Amino acid sequence: MVGVSDGQTSGQAPAAGESRVGQPVLSVALAAMMDEVHAHSGAVYLLAPDQPVLEMAVMAGLPRAFAAPWERVGLSAPIPVAEAVRERRLVWVGGEEDMARRYPRIAVVLPYPFALAAVPVATAATVYGSVFVTWPGSHPPELSDWEREHLTSACDRLARRLERAARANRPPRREPDLLAAPPLTGVAGTLGTVEAARMVARLPYGLISLDLHGRIAFANEAAGELLGKPVGELLGTQPWASVPWLNDPMYEDRYRAALISQHITSFVALRPPGTWLSFRLYPSTTGLSVRISRARAVAELARDTARSGDAGPARLVTISTVLSLAGALTEAAGVEDVVQLVADEIAPAVGSTALVMLGSRGGRLHVLGHRGYADPHVVERFHGVPVSERTPGTQALSSGVPGFYDSQEQLERVYPRRQEASDGFAAWAYLPLIASGRPVGTCVLAYGEPHVFPPEERAVLTSLGGLIAQALERAQLYDAKHRLAHGLQEALLPRSLARLPGLEAAARYVPATHGMEIGGDFYDLVPARPLPAAVIGDVQGHNVTAAGLMGQIRTGVRAYTTVGQPPQEVMRGTNRLLIDLGADLFASCLYLRLDPAHGRAVMSRAGHPPPLLRRPDGKVRVLDLAGGPLLGIDASATYPTTQVSIAPGSVLVLYTDGLVESPGVDIEDSLADLGELLTETGDLPLDLLADELVRHSPAARQRGDDVAVLLLRALGER
């Protein structure tokens, strides 16, 4: 039995609400252009009205799904069609390595051997859009002069036609895509003669025909038997959708690779429980012919491997693997995270056993991180090497061209001096890390055995280099902001607590994990005369503005305390200061004037959480203090005071809301838990007690808000 599917229209209808006006100008121009230069796919983009966006108007040669991520692209996008418009010039990409190096985002989705040219469609005065066309991977790496002339001339002619249409108020619209003609509906019509159909039916191996969308248009009986499906159920379906054990992205990837590259491709697949099948794909511009046979050699190898316990063949990095790795890279925050992720995810996927991540600073290389080297001192030879010196790492960094060295001998032929500094490995890939058009470093992947880098693997590694570069650039920016935040926080908080007679003190600050890890929580001890003071507060926000305002409030409190103002006036003055600064931010604050010699403290509160007092007998109570509104709200607000006894041995716990407030937990329950912990641990040295309070706080562990804690223990008069 031989099956042939019903014919299906391969072109797309115009979008809803759109009507074609006159002749299909775009598709005719695109088809003629592709025919002139022997390209096998292409598309026309039009500039959207009043938007810096290119929209695909028609595609030819391949299903639109192949270019789905780029149906609408911004003019600033790092892809050839947008670059051609921005720079008003032809953009040429000579192959998969060139694509991976210059446009890694495209190479990640389409890691196949093909060449591409993008040309602007523009007159001297107006840009209408752009065109791209592609050739199989067999195209020479350079665009010939006649191809360049044909493409630019054709786009110029199209631009003039669009100019005339615009003057006639006939704007171009999206047109049906151009694909190969649908298959014929009869066996004889498809195969030429009935006898030819009988011949195919007698063949011992399977034959199927796929259209450009990957749908089965023909299958012989042997194909149905090998795939385990009746031929009637296969027709009109995609093999990876209708055959469960072919439902793997790798197999669909081979179909895409064959169509785009126009190269014969093949793969083997295991049909459960233990039959290996070989699939060989023969592409053309109208679809694919697929031969299916039993892969006896693979089956024997699998049996031998199972008996010997040896590892199987090296893992193939497919498009799904690359996309998974790309997703993982987006989760890396700092530089160390990037290094660790490359070591855990990317290096094993490509068979590498060690890596070094290099950056450049001050004209010299410096090591950002490394993994897999038995002797870390070996890595030190990279550190401090001038970028001008000719080494594999500096060459990749300065030229932007990756270096692949299959063996020690090959590397030493290019860089003879490296004989003096062997690192114990046998093959290397030096990947330039280029982000935002500038070099940010080099990733060195080392292999324990000699390793041949075929073109497809080189393209994948180069694409991964582009993704690593983007992650590394983000990570370096994050680390710089992190250092800035911590430096600013350290500058604004006291480096050490002042020593006060009759008191012992300890403090902790834990930044939130979101934002810049910098916030407005603050604390201070002021050794003023006649009585010292303590203050803790929280400016809303987790950013530089909040931190800067916190520093001004802390300075204001110190100034008012130093001149001898009473607690209520210190609070009133600080409130007016905050309003006068016009920052539109509020702050909570708790201020204490301390008199340990007489065992008392006078406190004033501005919307701040109440302090806890642990008495010498271990009992804990929450101090219900009088107070006023948050600072920065009402210029006429008053802040009454409360006097509290603090006998020798008592511990005062001052804190910000980040210690006790967390989603779904009642504040009263949090205070009760904090009180119980203070009862149990209050006799510890203050530094240990501060650590315990922070460590046991669920809110502090979540780090959704900054946490500041200031502990004071009354020692009595000394």
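Q: In which helix is the place of Arg554?
A: This structure is a predicted model, and its helices and strands are numbered from the N terminus. Helix H18 covers residues 544–562, and the place of Arg554 is in helix H18.

Q: Is Arg554 buried or exposed?
A: Leaving out residues up to four places away in sequence, Arg554 touches Leu492, Leu493, Pro494, Phe522, Tyr523 and Asp524. Its relative accessibility is 14%, and since a residue under 20% counts as buried, the word for Arg554 is buried.

Q: At what angle do helix H18 and helix H19 pack?
A: Two packed helices are described by the angle between their axes and the distance between the axes. For H18 and helix H19, which spans residues 567–581, the axes are 9 Å apart, and the crossing is right-handed. The angle at which H18 and H19 pack is about 145°.

Q: How many residues of the contact of H18 with H19 are charged?
A: On the side of H18 the contact is made by Leu549, Gln552, Ile553, Gly556, Val557, Tyr560 and Thr561, and on the side of H19 by Val570, Gly573, Thr574, Leu577, Leu578 and Leu581. These residues divide into 8 nonpolar and 5 polar, and the number of charged ones is none.

Q: How many residues does the largest nonpolar core have?
A: Among the members of this core, those with the most contacts inside it are Tyr45, Trp70, Leu246, Phe279 and Ile292. Helix H11, residues 249–261, gives the most to this core, with 6 residues. A second, separate core of 49 residues includes Met571, Cys589, Ala637 and Tyr639, whereas the largest nonpolar core has 60 residues.

Q: Which residues does Trp70 touch, not counting residues up to four places away in sequence?
A: Trp70 is one of the residues with the most contacts inside the largest nonpolar core. With residues up to four places away in sequence left out, the residues that Trp70 touches are Tyr45, Met56, Ile79, Arg105, Ile106, Val109 and Leu110.

Q: What percentage of the residues in the chain is buried?
A: The chain has 22 helices and 28 strands. Among its contacts between residues at least 6 apart in sequence, 62% join residues at least 24 apart. Of the 718 residues in the chain, the buried share is 51%.

Q: Which residues is Gly359 in contact with, leaving aside its neighbours within four places in sequence?
A: Gly359 is found in strand S13, residues 354–361, and it counts as buried because its relative accessibility is 1%. Its C-alpha atom is separated by 9.9 Å from that of Gly393, a residue 34 places away along the chain. Leaving aside neighbours within four places in sequence, the residues in contact with Gly359 are Arg364, Leu365, His366, Leu368, Val440 and Gly441.

Q: Which residues of helix H15 are buried?
A: What covers the buried residues of H15 includes strands S13, S14, S15, S16 and S17 together with helix H16. After H15 comes Gly400, whose phi is positive, near 75°. Within H15 itself, residues 392–399, the buried residues are Pro392, Gly393, Thr394, Ala396 and Leu397.

Q: Is Asp50 buried or exposed?
A: Asp50 has a phi near 60°, a positive value in a residue other than glycine, and its place is in the loop between strand S2 and strand S3. Its relative accessible area is 84%, and because a value over 50% means exposed, Asp50 is exposed.

Q: What is the relative accessibility of Arg88?
A: Arg88 lies in the loop between helix H2 and strand S5, and its phi, near 50°, is a positive value in a residue other than glycine. Arg88 counts as partly exposed, because its relative accessibility is 41%.

Note on methods. Residues numbered from 1 in each chain as written. Predicted model: local features only at pLDDT ≥ 70, side-chain atom pairs only at ≥ 80, totals over all residues. Heavy atoms only, no water. Axes fitted to C-alpha atoms, helices over the stretch in contact; angles between N-to-C directions. Helix = DSSP H or I, 4+ residues; strand = E, 2+ residues; numbered from the N terminus. Left-handed = near helix turned anticlockwise from the far one by under 90°. Contact = heavy atoms within 4.5 Å. Nonpolar A, V, L, I, M, F, W, Y, C, P; charged D, E, K, R; others polar. Core = buried A, V, L, I, M, F, W, Y, C linked by side-chain atoms within 4.5 Å. Buried < 20%, exposed > 50% of the residue type's maximum accessible area, 1.4 Å probe, protein only.
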